[in-house]
Amino acid sequence: CQGGCQGGGPGGGPGGGGTGQIFVGGLPKATATEQAVYAMLSQFGQVASLNMKYEPDGTSRGFAFATFADPSAIPVALAGAQAGSTVIDGKWVNLQLVEKGGGKGGGDAGGFDKGKGKGKGGKDQG
């Protein structure tokens, strides 16, 4: 299964159909600046662009989109987020790969176990 299997691990590997863009969520609204986000992401590679989102009054909405100059930095950044190394002002920041054309939904990412018998109740089907 080379180049584009669905349901793979974080990052999906080069050419996996992503945009090369990551979602940066959970930013501290009061204190997150573009400089702070750049500094946090730069530990994984050169940041090509950063698009922070703001309310009409100019305050941060708590999320941004970023693109790395080298797409191979994305899986490293995602792994770093899972390891807890993406922190701004003491708050953990979530990173997720942005999938192009998939919209919201995404299938099996973190969903519920569809009746495989793990959990409460064991024999609840008849």
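These legends go with several views of a predicted model.

View 1. Of the 126 residues, 26% count as buried, meaning under 20% relative accessible area, with exposed being over 50% and partly exposed in between (1.4 Å probe, protein chains only).

**View 2. The phenylalanine cluster.** Phe-23, Phe-63 and Phe-65 make up one aromatic cluster. Rings of Phe, Tyr and Trp (its six-membered ring) pair if their centres lie within 6.5 Å; planes under 30 degrees apart are stacked, over 60 edge-to-face, and the rest tilted. That rule gives 3 aromatic pairs. In one of them, Phe-63 and Phe-65 sit edge-to-face, 6.0 Å centre to centre with 90° between the planes. Phe-65 counts as partly exposed because its relative accessibility is 22%.

**View 3. Helix 2 and what follows.** Which residues of helix 2 (residues 73-82) are buried? They are Ala-73, Ile-74, Ala-77, Leu-78, Gly-80 and Ala-81. These lie on the same side of helix 2 because they cover an arc of only 160° around the axis, taken from the directions from the helix axis to the C-beta atoms. Just after helix 2, Gly-84 has a positive phi of about 90°.

**Notes on the views.** Residues are numbered from 1 along each chain as its sequence is written, and side-chain values use heavy atoms, leaving out hydrogens and water. Local features need pLDDT of at least 70 and side-chain atom pairs count only at pLDDT 80 or more, while totals for chains, interfaces and linings use all residues.

How values were computed: Helices (H or I, at least four residues) and strands (E, at least two) are DSSP runs, numbered from the N terminus.
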